[in-house]
Amino acid sequence: MTEPLLVVEHLTKTFGQGRARATAVADVSFSLAPGGSLGIVGESGSGKTTTARMIIGLERPSGGRITVRGEDRTRPARSARSRRRRGRDVQIVFQDPYTSLDRRQRVGDCLAEVVGVHARLGREETRKRVSELAGLVGLDDRQLAALPRALSGGQRQRVAIARALAADPDVLILDEAVSALDVSIQAQILNLLSDIRRERGVSYLFISHDLAVIRQVTDDTIVMRHGAVVEQGPTADVLDNPSHPYTRLLRDSVPRTGWDPETLTARH
Ligand SMILES: Nc1ncnc2c1ncn2[C@@H]1O[C@H](COP(=O)(O)OP(=O)(O)OP(=O)(O)O)[C@@H](O)[C@H]1O
């Protein structure tokens, strides 16, 4: 059996103290295989982003363990060097890349900067690598020379994906990465992500509230509610034959032919 790439065991996160203390993530365990794609679904506030933030090292777990290729990643990195090294393990793409892009920096320069952080390359090699990344995500020279504000939402998300891939990570976390895009652009980005996974063997942790998206891009899925995992398994099984009432509710909440919100609310 292939060794898992990312393993999360009994992960827990509590915020606040005393009466204000709240558990955002409660005893969450899962693993991600090399080249695999795992979906995390759940309603707003179920702990999906907090889980992702702990894996990327932006939040310190209150309990549990995170390993990548068997190496402990539970505590956030202390030095710039180990942060860089960990950047080659896991990268994240958020819903709105505009907030994380430098508004005064041209897209090509932004990509060159990240390439420079992760690999010591000469000017010509850096240029080649930027052009390769741009090709991978479908950005042309005009877009590389542009400032982020001159790009559409879909193009900015391509920049965010290219920037994450510039570190050549083993795992890419996509946190509602296509949720803000309209449906046709969303389909383009999802196809792009499938191609990248096939060509590069990068693994995905795909966080979304959209079950159609989860069905399209993941092999396995976990369902979170109130910080805990209530169901997990192959995506088709979880979505087609949910065993937990909450998963059934999530699935039945998707509008489709014959959908009746009144019956749904009455039932739950
Ligand atoms: N820094 C923080 N301080 C206090 N509480 C927090 C903090 N970050 C998250 N929480 C709480 O933890 C819970 C889980 O939040 P989280 O953002 O992980 O949920 P989510 O499933 O990603 O939701 P959404 O889909 O709306 O992004 C929420 O109740 C949230 O209010």
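Visitor: Which residue is the bridge partner of Thr67 in β5?

Guide: Quick heads-up: this is a predicted model, where local features need pLDDT of at least 70, side-chain atom pairs count only at pLDDT 80 or more, and totals for chains, interfaces and linings use all residues. Residues are numbered from 1 along each chain as its sequence is written. Strands are DSSP runs of E with at least two residues, and helices are runs of H or I with at least four, both numbered from the N terminus. β4 (residues 63–68) pairs with β5 (residues 71–72) in the antiparallel sense, and two strands pair if DSSP finds at least two bridges between them. In β5, Thr67 meets Asp72.

Visitor: Which residue in the turn of the β4 and β5 hairpin has a positive phi?

Guide: Two residues sit between β4 and β5 in this hairpin. The one with a positive phi, about 50 degrees, is Arg69.

Visitor: What stands opposite Glu9 in β4?

Guide: Strand β1 (residues 6–15) runs antiparallel to β4, and five bridges join them. Opposite Glu9 you'll find Arg65.

Visitor: Are α3 and α6 roughly parallel or roughly antiparallel?

Guide: Helix α3 (residues 107–118) and helix α6 (residues 153–165) pack with axes 9 Å apart, at an angle of about 20 degrees. Axes are lines fitted to C-alpha atoms, for helices over the stretch in contact, and angles run from 0 to 180 degrees between N-to-C directions. Angles under 35 degrees count as roughly parallel, over 145 as roughly antiparallel, 65 to 115 as roughly perpendicular and the rest as oblique. So α3 and α6 are roughly parallel.

Visitor: Which helix gives the largest share of the shell around the ligand?

Guide: The residues surrounding the ligand include Phe15, Lys48, Thr49 and His209, where near means a C-beta atom, placed from the backbone, within 6 Å. The largest share, three residues, comes from helix α1.
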